[in-house]
Amino acid sequence: MTQAATPQATAARLERLFEKPAAQQRRCIIRAVDVKKVYRMGNTETQALRGASLDIFQGEYLSIMGPSGSGKSTLFNMIGGLSKPSSGKVYIDQVDIAQLDHNELAWLRCRKIGYIFQSYNLIQVMTCLENVTLPMSFAGLEGDEAREKGIAILKLVGLGHRVLHKPSELSGGQQQRCAIARALANSPEIVLADEPTANLDQKTGAEMIELLAKLKIELGVTIVSATHDLKMLKRSDRILWIADGRIVKTARPEEIDFNSGEFH
Amino acid sequence: MTQLQKEIQDQVRLPAKVALDVVLQGIKIRLGRSLVTIMGVVLGIAFLMSILAGQLAKEGVSHESDLRAEVGRMMNFLTAEAGPLNERVVGVVQVGPLSEAENRFVKAILAQRPKVQWATVGGNAKIPAELAGAVQAVAVDQVGKEATAVVVAGDGPAPAVDWTAILANARQKVVGLARGTAAPTSAPAAEMESNSSTSSSASASSDAPAYTTVNLSRQPRPEETAAALKEATKNRFRSTWIITIALAVTVIGITNSMLMSVTERFREIGTMKCLGALSSFIRQIFLIESSLVGLVGGVAGTIFGTLFALAIYGFTYGFLLVLGSINWGLLGASAVGSVVVALVLSVIAAIYPARFASRMVPAMALRTNI
């Protein structure tokens, strides 16, 4: 109040006022607090994570970067409810995963999280539709209802004409589309994508990124991906660097010089 | 939390059908390996079943030849005392249900075309339906009339009758005892020595009515029985041992190929776990797969084993004898037993691989080089 109302200052103040409450209103869907993970192999201990904290908000598109051995996969596994931290807390949708037994973790994976893998991991003996309805049957949805929902999701990802094809009869991009449809089967709030474009050519990879961005907007899902794909990084809301078991940097894509050395 | 627990319960129960589908598709795609596993079960169970069926065939054949020998001996003893029976009159006193040997003996007598007078004594004695048309039912005191011989048969106490009076009108006074136990009460005790095939009462008493008792049955000597028992025990131990080894090898074979199947499917299992499959679902998949293998292999093995054993014994002793004498009821029971054994062993063999698979961490699916 006492300061002079320069246009720059007003703009900065307005930005603070409007952005901060908006950020607070957004639900924090994944929260990690000082997470440490130690792997024991015989007598040697390996510290994969040395205290990582982060918040991931609903509807966010977050990319995680990091060299191999940085703890990226470990953090990724914990966000996905695939393993528990040695110390610290991981909350997925306000639930501390350390308190869940393995059945409850399975329940969490089934309904809250969709997985997309680098090598698709479709079940080869099943058709596209069966691949999509499989997680539905784990959630107790079967029969015509599951089939209709499966077909609707396959149409959404642009695979409506390949419903009864087996994965081996599809191209890489189509297989990844099917995998994305499978990840969405139980309407999860979080989609975890592990290098989803690494096995695809440039053009198909770009299509996949567009599809994920479209789903993020249309369905409001939170997307967390581990990736080195520049196009994907540019599309994300936030980028996270991990090195040596710690989160070393968080940035928005527009703040980053993509031509710098760290991306090559 | 209760809602969550209920949903988890549902998650356990519902996908049993899905598990079956996954297994069937898995078997289809990995048909070659499944066939090898099934062949292992087939061989093990075929071996078990061939031994069981062989034993039954052997027992059937030896029982049949024992029966034939016994009937032949009875016939010989009777005709040695009474002479040829054709066109003569033979009396039968039935004191109880007939044994298989007695039944055949009576039929052998009938085959010589005598006139048969049949008397029943006691409540348990009933003329067999198949013989009723061929014999003439009479009262017990009429049984000896014109008779060349009177035969006492059936499982029961000796008839309390006066043989002297019964045999008064007989052509020849001969009493044939089909069993040593059914001794005529009026006969002197001294005549009933075991193993004496014939004895004459005429010489025993001074002026007793002259009639001859012929002991038609032959009790095996104790040392013979003991030797047979020892031999049977030895055989049973030997075949039990061999069967156990064969089945253990089968179990290990199934376990081995199931473990292979688990490692082959690491990624698939990990993916399913990521998609929300419970450990119990993964366990189910392997247990169902293995019970299907056990069922198919068990049925095929049982059929092969039975055919093999019957063929071997059929070529050795003649198919008519083997197929006619084998105890079909016991054979059926053994077949059902073998299939059950196959099923149980397959499930036992799959317990370890199924646990191994279900404890796998889902993060496996994220690793690409498996």
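**Note on a predicted structure: cysteines, a serine and a helix pair**

1. A search of this whole predicted model finds zero disulfides over all chains. A disulfide is a covalent bond between the sulfur atoms of two cysteines.

2. A:Cys178 illustrates this result, as A:Cys178 is in no disulfide. The nearest cysteine sulfur, that of A:Cys128, is 3.5 Å away, whereas a disulfide requires the two sulfur atoms to lie within 2.5 Å. A:Cys178 is buried, since its relative accessible area is 0%. A:Cys28 is buried as well, with a relative accessible area of 15%; the term applies to values under 20%.

3. A:Ser53 belongs to strand β2 of chain A, which covers residues 44-57. With a relative accessibility of 45%, A:Ser53 is classed as partly exposed.

4. The surroundings of A:Ser53 may be described next. Leaving aside residues up to four places away in sequence, A:Ser53 touches A:Ala32, A:Val33, A:Asp34 and A:Ile247. A polar atom of the A:Ser53 side chain lies 2.8 Å from the backbone nitrogen of A:Asp34. The C-alpha atom of A:Ser53 is separated by 9.0 Å from that of A:Val90, a residue 37 places apart along the chain.

5. In chain B, the axes of helix α3 (residues 31-82) and helix α6 (residues 222-264) come within 9 Å and cross at roughly 170°. The angle therefore makes α3(B) roughly antiparallel to α6(B). The crossing of the two helices is left-handed.

6. Which residues make the contact between α3(B) and α6(B)? On α3(B) they include B:Gly40, B:Gly44, B:Phe47 and B:Leu48. Among those on α6(B) are B:Ile242, B:Ala246, B:Leu247 and B:Thr250.

Technical notes:
Residues are numbered from 1 along each chain as its sequence is written. Chains are lettered from A and ligands numbered from 1 in the order in which they are written. This is a predicted model: local features need pLDDT of at least 70, side-chain atom pairs count only at pLDDT 80 or more; totals for chains, interfaces and linings use all residues. Side-chain values use heavy atoms; hydrogens and water are left out. Buried means under 20% relative accessible area, exposed over 50%, partly exposed in between (1.4 Å probe, protein chains only). Helices (H or I, at least four residues) and strands (E, at least two) are DSSP runs, numbered from the N terminus. Contact means heavy atoms within 4.5 Å. A polar contact is a pair of N or O atoms within 3.5 Å; within protein, one must be able to donate a hydrogen and the other to accept it, and residues adjacent in sequence count only if both atoms are side-chain atoms. Axes are lines fitted to C-alpha atoms, for helices over the stretch in contact, and angles run from 0 to 180 degrees between N-to-C directions. Angles under 35 degrees count as roughly parallel, over 145 as roughly antiparallel, 65 to 115 as roughly perpendicular and the rest as oblique. A crossing is left-handed if the near helix is turned anticlockwise from the far one by less than a right angle, and right-handed if clockwise.
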